[in-house]
Amino acid sequence: MTPRVRLVPEPRSPRLVRREMRDRTELLTEAVGALPPVYGERWLHVGERAYRQFEPGRSKLSAGLVRGWTGPLPAPGESWLYLGAASGTTASHVADLLGPEGRLYAVERSPRPFARLLALAERWPNLLPVLADARAPRGYAAWVGPALGLYADVAQPDQVAIVRTNAELFLEGAGAPVVLALKTASMGRERDPAGHLEAATRELASFVDLVPSVRLDPFHRGHFLLGGRLRGGAGGPPRSLRPVTRAARPRARRRS
Ligand SMILES: C[S@@+](CC[C@H](N)C(=O)[O-])C[C@H]1O[C@@H](n2cnc3c(N)ncnc32)[C@H](O)[C@@H]1O
């Protein structure tokens with residue numbers, strides 16, 4: 001007899017579920033795409049639905065959830081912008097959370113992981129890869145529609161500045177979710193991780209109302225998950241900065 005599987009949806013993002021095991025809790029996302037696994041993650045089929053294990057050792061967002069992230073999460077039907085998508089490990093889970101009606105614009109500048117991201121998008125129809133440098137968002141404005149939320153994991157010294165320029169250009173306005181996976185090792189040697197966290201928090205707090213950050217050790221050493229909601233005033237992108245027309249958006253999604 002198949003054992004009954006009890007999955008508890010996360011109220012902030014119902015396509016994210018917790019599975020209570022005897023000795024631990026697993027996180028899973030309801031898959032938008034089909035098998036095979038994206039990065040070797042386990043799949044679980046319950047009735048008509050397929051769920052993918054969201055591994056904290058592989059994804060900083062999952063690690064943040066395990067470590068108690070209380071901030072905003074992607075939810076069904078929303079459009080998000082993802083900076084530093086690499087080959088799509090976390091991006092595939094974010095796309096799962098957005099669901100088939102949502103949309104994820106996934107920016108990556110390195111051709112090699114981008115090729116894998118493109119292949120993934122063939123199976124994940126709500127994932128829209130963009131080959132571009134996140135430091136120059138005007139260069140991809142024609143391929144990215146207004147977004148409700150922003151997730152960034154670029155591992156660069158100026159990661160907060162990159163978030164800010166993209167938030168100003170693409171986010172819908174005050175209250176928009178902003179989530180940053182901060183890699184302190186990319187921020188130079190003048191400070192220790194706590195010092196980098198403090199500096200990044202100060203910079204981010206100038207335009208985001210922050211929730212408490214979480215430390216991602218032991219899953220990702222020297223990393224933190226930061227974010228909250230875009231502040232009113234610093235807020236919504238000026239309309240003049242949005243060259244995207246509704247007609248141009250759906251098909252013109254790839255730069256390469
Ligand atoms: C830590 S990895 C991202 C891992 C990925 N987010 C995940 O969890 O599956 C950082 C990625 O950001 C990309 N990146 C770094 N700087 C970038 C930039 N300026 N624009 C776009 N992508 C960038 C790198 O090429 C790399 O693939």
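This is a predicted model: local features need pLDDT of at least 70, side-chain atom pairs count only at pLDDT 80 or more; totals for chains, interfaces and linings use all residues.
User: What is phi for Ala-155?

Analyst: Phi of Ala-155 is near 50°, which is a positive value in a residue other than glycine. Ala-86 has a phi near 50° as well, again positive in a residue other than glycine, and Ala-86 belongs to the loop between strand 6 (79–83) and helix 2 (89–98).

User: And what about the accessible area of Ala-86?

Analyst: Ala-86 has a relative accessible area of 33%, so this residue counts as partly exposed.

User: Which peptide bonds are cis?

Analyst: A cis bond joins Leu-35 and Pro-36, with omega at about 10°, and Pro-36 is placed in the loop between strand 3 and strand 4. The bond from Asp-217 to Pro-218 is also cis, with omega near 0°, and Pro-218 lies in the loop between strand 12 (214–215) and strand 13 (223–230).

User: Stepping back, how many helices and strands are in the chain?

Analyst: The chain contains five helices and 13 strands. Of its 256 residues, 52% count as buried, and the accessible surface of the chain comes to about 12000 Å², with 50% of that belonging to carbon and sulfur atoms.

User: What share of the contacts is between residues 24 or more positions apart?

Analyst: Taking the contacts in the chain with a separation of 6 or more, residues 24 or more positions apart account for 63% of them.

User: In what order do the strands of the open sheet run?

Analyst: Five strands form that open sheet, in the order 1-2-3-5-4, and their pairing is antiparallel. Strand 1 (7–10) and strand 4 (43–46) stand at the edges with a single partner strand each, so one side of each is left without a neighbour in the sheet. On average, neighbouring strands of this sheet are turned by 35° against each other, with direction ignored.

User: How many bridges are there between strand 2 and strand 3?

Analyst: Strand 2 (residues 13–20) and strand 3 (residues 25–30) pair over five bridges, in the antiparallel sense. Arg-18 has Leu-27 in strand 3 as its bridge partner.

User: Staying with Leu-27, is that residue buried or exposed?

Analyst: Leu-27 counts as buried, because its relative accessibility is 5% and the cut-off for buried is under 20%. Leaving aside neighbours within four places in sequence, Leu-27 is in contact with Leu-16, Val-17, Arg-18, Arg-52, Gln-53, Phe-54, Ser-62, Leu-65 and Val-66.

User: How far apart are Leu-27 and Val-8?

Analyst: From C-alpha to C-alpha, Leu-27 and Val-8 are 9.6 Å apart in space, and they are 19 residues apart in sequence.

User: Then Glu-26: where is it found, and what is its relative accessible area?

Analyst: Glu-26 is found in strand 3, and Glu-26 is buried, with a relative accessible area of 4%.

User: Which side chains make a polar contact with the side chain of Glu-26?

Analyst: The side chain of Glu-26 makes a polar contact of 3.2 Å with the side chain of Arg-24, and a polar contact of 2.5 Å joins the side chains of Glu-26 and Arg-42. Once neighbours within four places in sequence are left aside, the residues in contact with Glu-26 are Val-17, Arg-18, Arg-19, Met-21, Arg-42 and Gln-53.

User: New topic, the ligand: how many residues surround it, and which are the closest?

Analyst: The ligand is surrounded by 16 residues, and the closest are Tyr-82, Thr-90, Glu-108, Asp-133 and Ala-134.

User: Which ligand atom is 2.6 Å from the side chain of Thr-90, and which is 2.8 Å from that of Asp-133?

Analyst: For Thr-90, an oxygen atom of the ligand is 2.6 Å from an N or O atom in the side chain, whereas for Asp-133 a nitrogen atom of the ligand is 2.8 Å from an N or O atom in the side chain.

User: How much of the ligand does the protein bury?

Analyst: The ligand taken alone exposes 600 Å², and the protein buries 85% of that area.

Notes: Residues are numbered from 1 along each chain as its sequence is written. Side-chain values use heavy atoms; hydrogens and water are left out. Helices (H or I, at least four residues) and strands (E, at least two) are DSSP runs, numbered from the N terminus. Buried means under 20% relative accessible area, exposed over 50%, partly exposed in between (1.4 Å probe, protein chains only). Contact means heavy atoms within 4.5 Å. Accessible areas come from the Shrake-Rupley method with a 1.4 Å probe; for residues, only the protein chains shown count as cover. Two strands pair if DSSP finds at least two bridges between them. Axes are lines fitted to C-alpha atoms, for helices over the stretch in contact, and angles run from 0 to 180 degrees between N-to-C directions. A residue is near a molecule or strand if one of its heavy atoms lies within 4 Å of it. A polar contact is a pair of N or O atoms within 3.5 Å; within protein, one must be able to donate a hydrogen and the other to accept it, and residues adjacent in sequence count only if both atoms are side-chain atoms.
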